[in-house]
Amino acid sequence: MLALRVVAHNRIAISGYPTPFVTDTSMPSPSIYNVPNALTTVRFALAIAVVVLIPMRETWPALVVFLIAVSTDWMDGYWARKYGQVTKLGRIFDPFVDKIIICGSFIALVEVDDSPVKSWMATVVVARELLVTSLRGIIEGAGGDFSASWLGKWKMVVQCAAVVAALLTFVILPVPAWLSIATQVLLWGAIFITVYSGVDYTLIAARVMQSDPNTLAQTAATATAAANASASEPTPEAQASDAPAAPPSPAPRQDDTTADSLSDRT
């Protein structure tokens, strides 16, 4: 059974899966206008260009643009973690662009005549991405952390290799036997790891939610309340300033005997 643990006040990590970064509510959020988000925006434009170029049979430009887009995938995440520029927009935008690159390329390849990519292959890839995205939205929306595992990262690598091999079959003519075999192996490998990783993510999410449907929400609420309490707890200086002032000490009273003796002298 997978365990949940609270990290950084209001995040929940699923043990066994990496947590590349977490959100700390005690620190101000960085601006969304930063280098990582700019890099992701550039990759988004490149992804759209690939999807447009492939059906036009502009294979060489599509191949070059695709390689640039996927090879720079690590840069935005690395920069964000190193310089503390992780934002909520980046957490959503970066995986979204990854899905546009892969799903869009598979769909565009189906449109090309004599393509090794079949429509059912593209359907499997898109269905898996939609499923995992939905599960991630449920768990992270309740305060959990459903970051990509190493299996998901290898899935991305194999899918990219399959797309590159499929594009090469349009530029190397006649298609050599080794390229045809390699393309089929990579495509079937991509489909296998896509399905396997989708099942793996589904089982993880099912175990977490089935163990206690309210676990995520309760843990997130407890962590948020603890963070708010610690943030609102007054400092010793504030406590000293807020303490009520001590009442003035009464003036010393003269002893009755002393007063009588003074009156006798007068």
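A residue is called buried when its relative accessible area is under 20%, exposed when that area is over 50%, and partly exposed in between, with a 1.4 Å probe and with protein chains only taken into account. The model is a predicted one, in which local features need pLDDT of at least 70 and side-chain atom pairs count only at pLDDT 80 or more, while totals for chains, interfaces and linings use all residues. Residues are numbered from 1 along each chain as its sequence is written, and side-chain values use heavy atoms, with hydrogens and water left out.

The protein holds ten helices and three strands, where helices (H or I, at least four residues) and strands (E, at least two) are DSSP runs numbered from the N terminus. Along the sequence their order is β-β-α-α-α-α-α-β-α-α-α-α-α.

Consider D98, which lies in helix α4, residues 88-111. Because its relative accessibility is 15%, D98 counts as buried. When residues up to four places away in sequence are not counted, D98 touches R43, D73 and M156, a contact being heavy atoms within 4.5 Å.

Y196, by comparison, belongs to helix α7, residues 177-211, and its relative accessibility of 49% is why Y196 counts as partly exposed.

The axes of α5 (residues 119-141) and α6 (residues 150-171) come within 14 Å and cross at roughly 155°, the axes being lines fitted to C-alpha atoms over the stretch in contact, with angles from 0 to 180 degrees between N-to-C directions. Therefore α5 is roughly antiparallel to α6, as angles over 145 degrees count as roughly antiparallel, those under 35 as roughly parallel, those from 65 to 115 as roughly perpendicular and the rest as oblique. In this contact V125, R128 and E129 of α5 meet G152, K155 and Q159 of α6. The residues of the contact divide into one nonpolar, two polar and three charged.

For the protein as a whole, buried residues make up 35% of the 266 residues. Among contacts with a separation of 6 or more, 74% join residues 24 or more positions apart.

Terms used: Nonpolar A, V, L, I, M, F, W, Y, C, P; charged D, E, K, R; others polar.
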